[in-house]
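Here is a quick walk through a two-chain model, written for someone who would rather look than compute. Have the viewer open and follow along.

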Amino acid sequence: MAKTSRPMVRIHNTETDEVIDREMNDAEFAQYEADKVAQAAADAAKAKGEADKTALLVRLGLTEDELKTILG
Amino acid sequence: MATTTNYGWTTPDDTALVKDGASAIRTLGSSVDTTVKALNPGTTSGDLDYYTAATTKARLAKGTAGQVLTMNSGATAPEWATSSSGGMTLLSTTTLSGASTTISSISQSYLSLYLLVYGVTNATADGVFYVRPNAVNEGNFSGVTSTPSAYKESDSASILSNSGNVVRTNSSNSWVYQIENYTSSTTLKPISFHGVYNGASNASSFGFGGLKTTAAITSLLFANTGGNLSTGTVLLYGVK
């Protein structure tokens, strides 16, 4: 059985109405890998922001609801 | 010589000689032939005839496919013209699948594109659902969105789920996405989108701004950071 080494993509040509499912080409795979790295960085930044926020609230002795009330 | 009341065809007088009958019939027949042809000037299948005077007609050659019949600028005669009426034309229906789905070779014959996207689920995890015109990712979008802190908000393609990840198993989502002046190769492209997703939680998102490209938009790539697209439908309309 042939092994799929790269993710599959679908191309729908609206001129011919032809639909092709194929493996990613080099450029697409490079972009796919870059997207994954960017997503991981974005997720990490978001998680760090949440952690920093929680830590700051603890230092200030406030709950999130109390902060919302202050910022009202 | 006597003549007929309506078309003035020449007929023999009551006193005309019988010996001149053949000539009189030939003259009358010729006149009838000329008149009938004037009343039926068409020459080709699909031609139309129209009056140019009370008893005179002209031929209007058949139009081409899609043309409509209208009056000329002087309102004196009909003519064929290309329809100028606006409307939406369904260009394609695409089922989402794979790590990404690209709608390619988009017709360049319309003023704007209108997309209805719905029923999107994916295989692995909740994720960010986005569209990339011409498959360009970075630096291609500028505008206001419902949640600016979302994934690649300020510089990326249009994040259709910018209020939070799409729950991968909930297919009740739906978005509208529009690109104006998409065929231009000299101007930036205004875009807008809005939608609702994640069922009971009713997350909603919107975005207004533009694509920072002067290139004509010929393709649209859809993907979800949560993994391969499992289901989803994209209806692509051209708008005039």
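## Two loop residues with positive phi

Start with B:Ala135, which sits in the loop between β10 and β11 (141-145) of chain B. Strands here are DSSP runs of E, at least two residues long, and helices are runs of H or I, at least four residues long, both numbered from the N terminus. The phi of B:Ala135 is positive, about 65°, although this residue is not a glycine. Most residues other than glycine have a negative phi. B:Ala135 is partly exposed, with 18 other C-beta atoms within 10 Å. For that label, the count goes by C-beta atoms placed from the backbone: 20 or more others within 10 Å is buried, 12 or fewer is exposed, and in between is partly exposed.

Chain A has a case too: A:Asp17, with phi near 65°, is also a non-glycine residue with a positive value. Look for A:Asp17 in the loop between β1 and β2 (18-23) of chain A. A:Asp17 is exposed, with 12 other C-beta atoms within 10 Å.

## How to read the model

This is a predicted model, so local features need pLDDT of at least 70 and side-chain atom pairs count only at pLDDT 80 or more, while totals for chains, interfaces and linings use all residues. Residues are numbered from 1 along each chain as its sequence is written, and chains are lettered from A and ligands numbered from 1 in the order in which they are written.

Chain A has 2 helices and 2 strands, running β-β-α-α along the sequence. Of its 72 residues, 7% are buried.

The contact takes 16 residues from chain A and 20 residues from chain B; two residues are in contact if their C-beta atoms, placed from the backbone, lie within 7 Å. On the chain A side, β1 (8-13) and α1 (26-60) each supply at least two residues. The largest share, 6 residues, comes from β1(A). By type, the chain A side splits into 8 nonpolar, 5 polar and 3 charged residues. Here Ala, Val, Leu, Ile, Met, Phe, Trp, Tyr, Cys and Pro count as nonpolar, Asp, Glu, Lys and Arg as charged, and the others, Gly among them, as polar.

## The core in chain B

The largest nonpolar core has 36 residues, and B:Tyr130 and B:Phe222 are among those with the most contacts inside it. Such a core is a set of buried Ala, Val, Leu, Ile, Met, Phe, Trp, Tyr and Cys residues joined through C-beta atoms within 7 Å. Elements giving two or more residues to this core include β9 (112-122) and β17 (229-239) of chain B.

Leaving out residues up to four places away in sequence, B:Phe222 touches B:Leu96, B:Ser100, B:Thr101, B:Val131 and B:Val234.
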